[in-house]
Amino acid sequence: MQMEYGIRANLRQVLQQLLQVLLVGMTIGMMRNVVPALAETEFGVPRGSFMLLAAFVVAFGFVKGAMNFAAGRLAERMGRRRVLLLGWLVALPIPLIVYFATSWSWIVLATILLGVNQGLTWSMTQTAKLDITRADQRGLVIGLNEFAGYVGVAIAGVVTGYAASLLGPREGLLWFGAAVIGLATLLAWLGVKETLPWAHAEVKRHAAAPAAHALRPRYPTGISEQPTTREMFALMSWGDRRMAALCQAGMVEKFVDALVWAFWPVYLHQQGVSLPGIGWIVGVYGFTWGGAQFFTGKLSDRIGRHRLNVWGMWLCGAGVALLPLGHGSAWWSASAAMAGLGMAMLYPNLSAAVADIAHPNWRASAIGIYRFWRDLGYGIGALGLGAAAALGGRIETAFWFVAVAMFLSGAVLHHWGEETHPRLSPAH
């Protein structure tokens, strides 16, 4: 069977996968507004308990990071579709756990299951689309993927804010979560195709006629054709300086998302903002991030990944630093938009840079290990910002911690990293 590559040639499956990642984003988004804002009144978290408040994001980060690592290896053995379905099955109990929660430990348990779900499903939507599209479309494809996912996050934040106001926080989350997860599971079962054969065909095509390809990536050298898990982990984490630079940047940028998830709703609630108002301000961050990725992913296919990644780190950090320096919805929304724009510049293009220089034989593993380090940033970042707020005695200290970390990480990426686009930096 002749495998066709490209968005147009595989439009139906690309659209199916985009719908999947929209629902993946809505699943995590339902936990990012109401739950932290009402942690004290609804779930019994004492006021000022910054480390306890951050605990559910810490749990999510470590679990999702581990599942990203596992998802890449599983996908090369089981196939992408089975891993996607497994991720949705794990998510089915989450709305019920939140509804019946009697303490914050129940929320932590729900978030652990959410981490498993996100690690398996989001990884597979990205990997599957990379399987069936061309190398010169990777920035656009990942931009579309993250656009759909983070628009889903933002939509869920706004909708659950209103649902909680109308139905009550528990019942609103129950019905919203059950509808989203149930629909996603059904669509994954009925509409998603297995894309592993495209990856296998790409390997054969490279082996048969490598000189025929106009785009010749600078793959890492000194790695076996079918690398072991240990070999892959070493390559991504320290063996290749470019991959290591991308992994550390991915990890630190998740400090921002940990802050947005755990502390932005709490900070805004303390300033007297209503639940729907919190949903809209945090939604500005999500909508800007999601919408701009539609353009920044495609832009990186033209001008390269490296500059967008470095400047995105610095712009996002500036937005985080500005948010607590002013007051009022306009100021908070503008700061959120700046952070979202910086995130849109870096987020799809860090992944695209990894995909640029990852061989098709082990691309799913490389993406999985990058995503392991990236989403470990939820856990490490939540610990760091919780400790910063506790030591500083005020929630604003967490904002300064994250902003400084983003600036320093961007500097490391600028120094260690390089352009990876095969057209702009081809193999010799």
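**Exercise 1. Work out whether Gln16 is buried or exposed, and find its contacts.**

Let's start with the solvent. Gln16 has a relative accessible area of 19%, so Gln16 is buried (buried means under 20% relative accessible area, exposed over 50%, partly exposed in between, with a 1.4 Å probe and protein chains only). This is a predicted model, where local features need pLDDT of at least 70, side-chain atom pairs count only at pLDDT 80 or more, and totals for chains, interfaces and linings use all residues. Residues are numbered from 1 along each chain as its sequence is written, and side-chain values use heavy atoms, leaving out hydrogens and water.

Setting aside neighbours within four places in sequence, Gln16 is in contact with Leu187 and Gly191 (contact means heavy atoms within 4.5 Å).

**Exercise 2. Describe how H1 and H9 pack.**

First, take the geometry. H1 (residues 11-29) and H9 (residues 169-191) pack at about 155°, with axes 10 Å apart (axes are lines fitted to C-alpha atoms over the stretch in contact, and angles run from 0 to 180 degrees between N-to-C directions).

Finally, look at who meets whom. Residues of H1 including Gln13, Leu19 and Leu23 meet residues of H9, among them Phe176, Val180 and Leu187.

Note on methods
Helices (H or I, at least four residues) and strands (E, at least two) are DSSP runs, numbered from the N terminus.
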